[in-house]
Amino acid sequence: MTFNDIFKSSFLENMTSVSLFDMFLAIVLAFGIGMFIFLVYKKTFSGVMYSSGFGVTLVALTMITTLVILAVTSNVVLSLGMVGALSIVRFRTAIKEPLDIAFLFWSIAVGIVLAAGLIPLAVIGSVLIGIFLLVFVNRKSHMNPYIVVIDCADQESEQKATQYLAGQVNRLVIKSKTVRKGAIELNAEVRMKDANTDFINVLADIDGVSHAVLVSYNGDYMG
């Protein structure tokens with residue numbers, strides 16, 4: 001087989017079935033929508049430590065997925081080999097925030113849809129998803145649940161503290177109560193009326209209350 005035979009082979013002809021303009025357009029759109037996903041992630045991040053590297057990964061993942069799917073759609077033989085190659089890939093990085101999984105799937109889905117040529121679906125779908133996340137994730141902080149930890153000296157101070165706290169919040173649920181000699185510890189889930197936390201100062205000044213702590217609560221209570 002000569003070099004001319006190689007260049008005339010059907011394999012190379014199949015590889016050029018996707019035009020250069022289509023490739024360029026898909027990669028550029030993948031970058032643009034990936035940047036949009038990155039901005040939404042940055043605006044909606046509510047974890048402890050913000051990772052800019054994860055945001056860049058979302059952009060790169062969108063572009064890489066588009067590149068892979070373009071290659072798969074251009075050649076059937078290549079698609080079979082790609083499936084086998086990707087099946088051995090294992091990711092060991094733990095996902096700490098549940099919402100991060102949604103962003104990862106969003107990036108992958110956009111890459112697949114763009115490579116399939118469904119550009120309106122990718123653009124409109126991404127805009128709607130972004131609006132949904134911005135509206136529901138960026139709620140006012142006082143609407144989120146909080147945990148209040150109160151240390152009381154006796155039952156009388158416990159009643160005073162719980163009655164005062166109930167009048168200062170929209171919702172009060174006792175999660176746990178620990179009783180020791182000369183000490184009572186209460187853990188309560190509260191929904192505040194507004195962002196003002198001055199009631200904790202007054203709560204700590206009640207006779208018999210040694211200290212009061214207000215802690216942000218992610219919804220997974222560990223007793």
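1. Helices α6 and α7. In this predicted model, helix α6 (residues 98-115) and helix α7 (residues 119-137) are roughly antiparallel to each other, because the angle between them, about 165°, lies over the cut-off of 145 degrees. Their axes are 9 Å apart, and α6 passes α7 in a left-handed crossing. On the α6 side the contact is formed by L99, F103, W106, V110, V113 and L114.

2. Helices α3 and α6. Helix α3 (residues 20-44) crosses α6 at roughly 165°, and the two axes come within 10 Å. These helices are therefore also described as roughly antiparallel to each other. The crossing of α3 past α6 is right-handed. From α3 the contact draws on A26, L29, A30, I33, F36, I37, V40, Y41 and T44. These residues meet L99, D100, F103, W106, S107, V110 and L114 in α6. The class division of the contact of α3 with α6 is 13 nonpolar, two polar and one charged.

3. Helices α3 and α7. Which relative direction do α3 and α7 take, parallel or antiparallel? The angle between α3 and α7 is about 5°, with the axes 10 Å apart. An angle under 35 degrees counts as roughly parallel, and α3 and α7 are therefore roughly parallel to each other. The α3 residues in this contact are L25, L29, I33, F36, V40, K43 and T44. Their counterparts in α7 are I119, A122, V123, S126, V127, G130, L133, L134 and V137. By class, the contact of α3 with α7 contains 12 nonpolar, three polar and one charged residues.

4. Residue L134. This residue belongs to helix α7 and takes part in the contact of α7 with α3. L134 has a relative accessibility of 34% and so counts as partly exposed. Apart from neighbours within four places in sequence, L134 is in contact with K43 and T44. Although L134 and K43 are 91 residues apart along the chain, their C-alpha atoms are separated by 7.3 Å. Both K43 and T44 are listed among the α3 residues that form the contact with α7.

5. Residue L165. Not counting residues up to four places away in sequence, L165 touches V148, I150, L172, V190, F199 and L203. The C-alpha atoms of L165 and V202 are 9.6 Å apart in space, for a separation of 37 residues in sequence.

6. K181 is exposed, with a relative accessible area of 87%. G182 is likewise exposed, with a relative accessible area of 63%. With neighbours within four places in sequence left aside, G182 is in contact with C152 and A153. G182 and A153 are 29 residues apart in sequence, and their C-alpha atoms are 5.5 Å apart in space. For K181 and D154, 27 residues apart in sequence, the C-alpha to C-alpha distance is 9.0 Å.

7. Overall organisation. The protein has nine helices and four strands. Taken from the N terminus, the elements run α-α-α-α-α-α-α-β-α-β-β-α-β. Of the contacts in the protein with a separation of 6 or more, 70% are between residues 24 or more positions apart. The pair L134 and K43, 91 residues apart along the chain, illustrates such a separation.

8. Burial and surface. Buried residues account for 30% of the 223 residues in the protein. The accessible surface of the protein is about 14,400 Å². Carbon and sulfur atoms contribute 65% of that surface.

Definitions and conventions. Residues numbered from 1 in each chain as written. Predicted model: local features only at pLDDT ≥ 70, side-chain atom pairs only at ≥ 80, totals over all residues. Heavy atoms only, no water. Axes fitted to C-alpha atoms, helices over the stretch in contact; angles between N-to-C directions. Helix = DSSP H or I, 4+ residues; strand = E, 2+ residues; numbered from the N terminus. Parallel < 35°, antiparallel > 145°, perpendicular 65-115°, else oblique. Left-handed = near helix turned anticlockwise from the far one by under 90°. Contact = heavy atoms within 4.5 Å. Buried < 20%, exposed > 50% of the residue type's maximum accessible area, 1.4 Å probe, protein only. Areas by Shrake-Rupley, 256 points an atom, 1.4 Å probe, with all protein chains shown as cover. Nonpolar A, V, L, I, M, F, W, Y, C, P; charged D, E, K, R; others polar.
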